[in-house]
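Hi everyone, thanks for coming. Let me put it on the screen.

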Amino acid sequence: MIVSRRRIFQAGLAAGAAVAASAVGRAALAALPEPVQQTSAATAAPLLPPDGRPYRPVVTLNGWSLPWRMRDGVKEFHLVAEPVLREMAPGFTAHLWGYNGQSPGPTIEVVEGDRVRIFVTNRLPEHTAVHWHGQRLPNGMDGVGGLTQPTIQPGQTFVYEFEARRPGTFMYHPHADEMVQMAMGMYGFWVTHPKVEGRRGHPLIETVDRDFCFLLGAFDIEPGSATPRVMTMTEFNLWAWNSRIFPGIDSLNVRLGDRVRIRVGNLTMTNHPIHLHGHEFEVTGTDGGPVPKSARWPEVTTDIAVGQMRQIEFVASEEGDWAFHCHKSHHTMNAMGHSVPTLIGVDHSSLAGRITRLIPDYMVMGERGMADMAEMEMPLPANTVPMMTGQGPFGSVEMGGMFSVLKVRRDQPPGDYRDPGWFRHPPGTVARPWQGEAPAPAAAPTAPAAAPARAPYRARKPGGHAGH
């Protein structure tokens with residue numbers, strides 16, 4: 001049965017009212033696409049399009065893309081807003097809100113010119129609405145509760161329908177009680193691929209070999225607890241990529257020589273300078289569309305402000321395991337307090353011994369710096385991840401939060417996203433301790449002759465013109 005837009009208007013609305021996103025009655029629910037669920041935190045393989053216009057799919061870091069069904073030439077998706085359990089890192093699971101079993105929700109992939117119909121079912125304990133960030137669409141489909149549509153009440157299903165008019169990198173998120181709902185992890189990625197006409201592609205969007213995407217998120221979850229504190233405005237203690245924190249963030253695995261695109265969206269309360277080691281990239285797109293080639297320049301860090309999307313591209317020309325992270329150093333740590341005193345250089349030895357006799361598990365922290373935290377094996381509260389963690393081939397990585405690794409390998413098969421393991425460095429290419437005698441210091445250059453002494457300057461009062 002085809003669902004008519006007239007038949008799915010919310011009961012009780014005044015006759016003739018222009019309803020943009022309409023409630024779906026129970027009788028019509030049988031005609032909806034089945035809501036697909038996903039609970040695994042692993043990075044899913046790219047979703048190859050089974051029908052519709054062709055495109056080269058993206059890979060959502062620690063996420064997945066939402067399947068659709070074609071109905072009378074329209075791509076139909078079904079999102080379910082609901083409470084979810086999200087494993088943010090091994091040993092740490094958070095009680096979040098999201099879509100279709102995960103936070104963030106699944107990535108929606110369409111092609112420029114597609115007619116899209118999205119059913120949204122609300123299984124939250126409060127109303128919601130969905131805003132399609134960056135899209136050009138009818139005003140009544142923009143998803144702002146109270147302004148462009150009635151809110152979706154618990155148990156209701158609404159439908160949004162519009163044409164994906166321009167290619168680019170976008171996202172979706174609530175626009176109803178968004179302070180709470182976004183703090184709980186409700187958002188998702190949206191990619192509109194350019195349409196291909198014959199052999200001609202988009203003049204500003206190149207074909208790439210690997211295309212990754214993820215969203216930046218921030219949470220305030222106290223150690224030992226599982227639910228975010230939604231009233232937090234600035235003092236967040238967990239900085240996440242797709243609601244995952246290092247060491248729970250998967251690596252980005254590519255083949256040597258691949259052209260790589262990484263799409264990043266920021267839904268936190270602050271900016272994030274995202275930095276890639278070993279390569280230069282260009283910002284080739286934003287949520288406003290492709291960047292003209294004349295406006296691009298090489299970078300190794302790009303700052304992504306609140307509510308912005310950035311699309312970067314580079315050729316993976318350097319083999320190895322390259323760090324990829326936010327360059328705000330506190331954003332590469334996990335749950336921590338902000339009122340810990342700085343004790344660098346303070347000798348605790350005599351005091352620590354006396355305290356240990358009273359409290360056997362007492363440990364000194366911060367005497368040498370916060371790297372102590374990565375070395376300690378002190379017990380942590382249940383459902384808590386260490387502040388600085390992660391093991392690499394040479395020891396502790398001492399990272400957390402917004403950190404991952406770009407793994408470039410010459411033998412990585414095309415289209416293969418499996419983790420190749422740690423890089424095997426060619427002999428002599430790893431920094432190492434110096435074994436010989438220390439080289440003699442370079443001689444200081446001869447000091448230049450002293451300049452002749454100058455008479456001291458004399459200041460005059462403003463307005464003084466005597467003698468002129």
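**A look inside the chain**

So, to get our bearings: the chain has four helices and 24 strands. Please keep in mind that this is a predicted model. Of the 468 residues in the chain, 48% are buried. If we take the contacts with a separation of 6 or more, 74% of them are between residues 24 or more positions apart.

Now for the cavities. Rolling a probe the size of a water molecule over the atoms shows where empty space is left. How many cavities of 30 Å³ or more does that give us here? The count is three.

Let's start with the largest cavity, which holds about 70 Å³ of space. Its lining has 14 residues, and those nearest the centre are Pro167, Gly168, Ile205, Arg263 and Gln311. The elements that give two or more residues to this lining are strands E10 (168-174), E11 (188-193), E15 (259-266), E17 (282-286) and E18 (289-290). By class, the lining of the largest cavity splits into eight polar, four nonpolar and two charged residues.

On to the second largest cavity, with about 50 Å³ of space. Which residues line it? They are Phe92, Ile221, Glu222, Pro223, Ser225, Leu238, Ala335, Asn383, Thr384 and Val385. Here the classes come out as six nonpolar, three polar and one charged.

Methods. Residues are numbered from 1 along each chain as its sequence is written. This is a predicted model: local features need pLDDT of at least 70, side-chain atom pairs count only at pLDDT 80 or more; totals for chains, interfaces and linings use all residues. Side-chain values use heavy atoms; hydrogens and water are left out. On a 1 Å grid over the protein atoms alone, a cavity is a set of points where a 1.4 Å probe fits but cannot get out, and a pocket is an open set with protein on both sides within 12 Å along at least five of seven lines; lining residues have an atom within 4 Å of a point. Grid points are joined across faces, edges and corners, and a volume is the space filled by probe spheres set on the points. Ala, Val, Leu, Ile, Met, Phe, Trp, Tyr, Cys and Pro count as nonpolar, Asp, Glu, Lys and Arg as charged, and the others, Gly among them, as polar. Buried means under 20% relative accessible area, exposed over 50%, partly exposed in between (1.4 Å probe, protein chains only). Contact means heavy atoms within 4.5 Å.
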